[in-house]
Amino acid sequence: MWSRGWRDAVWSALDRPWDVLIIGGGVTGAGLLRLCTLFGLQAVLIEARDFSFGTSSRSSKLVHGGFRYLRNRQYNVTYESVREREWLLRAAPNLVTPLPFVLPVYPHYRASLRQFQIGVLIYDGMALRWQHGTLSPQAVLTRCPWLNPEGLLGGVYYGDARVDDARLVLRLLREAVQAGATALSYARAVELLRMANGQVCGAVVRDEADPQGRTVEVRARVVINATGPWTDSLRREVGGTPRLRRTRGSHLVFPRARFPLSEAVTLLHPHDRRAMFAIPWEGVTLLGTTDLDHPPEWEDREPFATAEEIDYLLEALRTIFPRVEAGAEDILATFAGLRPIIRSGAEHPSKESRAHSVWDEHGLITITGGKLTTFRRMAYDTLRAAAGYLSLPAKPHGAKAFFSPVPLEAPAPDLDFETLAYLAGRLGPEILRFLDEMPADELQPIPTLPNLWAEVRWAARHEGVVHLDDLLLRRVRLGLLLPNGGLDHLDVLRSLIQPELGWEDARWEAEVHAYREIWRRFYSPSPTG
């Protein structure tokens, strides 16, 4: 699936009637596409860039209820999120994995230890579990010796979960395609199609990967706008008034050796007491996130961490983790993503609600807001809004299996169970084919990372890679996890990628040049945008 020549095959089949056209290839669109297959709908998804290019590859990598939302009294959002977190832990094991958190309490937090104790009690109560407790100052430092001991009042612990967000999107999309759906990247909806009565009935789609810019009219009974932060741009075509507040969250990536964490830490920034996280993830440590209004004039630019945001995050590192011998010179990479927040008039972005909404405007069904964790709820709510166009029950519901079971007993004599489980979470049932196809000498770990070299070859062969940055930033996250964006391993990468994609030497050199510029401008320790 999605092997060499796949785009032409998909493109030639677009010009036929569909039940559902989904515009947007992040987790919201991917979840919707998978749900459509579970209801027997003929559905197609188009994405203007690479799958998960926008928000869904640039999140904080957490599947969580949003403990900080309790401070803003967003109880409904927190309740929905913790319940969906519990579902994901059961439904997608090894892709979504448990992550213990420690929350140290300091005087500058302006909240007592007792308040945090009540908070984790409510948090776990919503999830119907008991994985929290109180820690003395010494117990906090035992669990995380890198924390600042000065003024430490104690702390609490609780549990959430982590995920490779881009792989979650890809797993949903591939399971949907295997069930009969169609998904196409680098396919931009340039114009909505309307019937005589003004109802939206499809879109003119342009191939962004074709130098000639071929186009096709894709018609469907219902069109769903799942473009996240770009929701208002599409809604303008049906006269929709702007409703989003696009906010930016940036993160720093450190080598685990320089910032060693065995569990995550929730902290409040010493300057403005915003909630932040330090998270062990994929062999590195993430520190984030900021929460700023994204300038309207940057709408068409890829987001990046500004110098001010990097300084803001480093201030928290120096204050809360003074025993960590890491600084600006140790940053491996940075990344920034945009959040589609529904504007409510709150003074600060952090005070806005993370709830989602669904709107029907002349047959264009828009789903926006929400969080990565709640994609399933968002998909069901969207399909309910579209039910009248699709001859579905008025309230489609039911426990549907978004993720197929994975055979962990697969024969892999050279892989330990931990590595096998890691692969199974990302590949799903395709792990059997992966183990059968990939050369044994490539089932070796990439230094300091949980990834195998074989994952690079597999992605190039089967995972719809159009450009080099698709692979290195979203399929196998080497652009975030290795120094210099993985370019120090260029010879090995070339031997794995070039023959699978059939790129001539000139194409390879052009892709490397483009990737180098993308990484330098938007993902390096000193991005320039």
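Guide: Buried means under 20% relative accessible area, while over 50% is exposed and in between is partly exposed (1.4 Å probe, protein chains only). This is a predicted model, where local features need pLDDT of at least 70 and side-chain atom pairs count only at pLDDT 80 or more, though totals for chains, interfaces and linings use all residues. Residues are numbered from 1 along each chain as its sequence is written, and side-chain values use heavy atoms, with hydrogens and water left out.

Visitor: Which residues touch the most other members of the largest nonpolar core?
Guide: Phe321 and Ile497 do, in a core of 87 residues. The element that gives the most to this core is helix α8 (residues 307–320), with 7 residues. Helices (H or I, at least four residues) and strands (E, at least two) are DSSP runs, numbered from the N terminus. Apart from that core lies another, of 72 residues, with Trp6 and Ala379 among them.

Visitor: What does Ile497 touch, not counting residues up to four places away in sequence?
Guide: Val456, Ala460, Leu468, Leu471, Trp503 and Trp508. Contact here means heavy atoms within 4.5 Å.

Visitor: Why is Arg457 called buried?
Guide: Its relative accessible area is 12%, and the cut-off is under 20%, so Arg457 counts as buried. Arg457 lies in helix α12 (residues 453–462). Leaving aside neighbours within four places in sequence, its contacts include Met438, Glu442 and Glu500.

Visitor: How do you know that Thr182 counts as buried?
Guide: By the same cut-off: Thr182 has 17% relative accessibility, so it counts as buried. Thr182 sits in strand β7 (residues 182–184). Beyond its neighbours within four places in sequence, Thr182 is in contact with residues including Trp18, Leu33 and Val177.

Visitor: What makes α2 roughly parallel to α6?
Guide: Helix α2 (residues 27–38) and helix α6 (residues 165–178) pack at about 25 degrees, with their axes 8 Å apart. That angle makes α2 roughly parallel to α6, because angles under 35 degrees count as roughly parallel, over 145 as roughly antiparallel, 65 to 115 as roughly perpendicular and the rest as oblique. Axes are lines fitted to C-alpha atoms, for helices over the stretch in contact, and angles run from 0 to 180 degrees between N-to-C directions.

Visitor: Why are α3 and α9 called roughly perpendicular?
Guide: The axes of helix α3 (residues 75–91) and helix α9 (residues 375–390) cross at roughly 105 degrees, coming within 9 Å. That value falls in the 65 to 115 range, so α3 and α9 are roughly perpendicular to each other. Trp87 of α3 and Phe375 of α9 are among the residues making the contact. By class there are 3 nonpolar, no polar and 5 charged residues (Ala, Val, Leu, Ile, Met, Phe, Trp, Tyr, Cys and Pro are nonpolar, Asp, Glu, Lys and Arg charged, and the others, Gly among them, polar).

Note on methods:
Core = buried A, V, L, I, M, F, W, Y, C linked by side-chain atoms within 4.5 Å.
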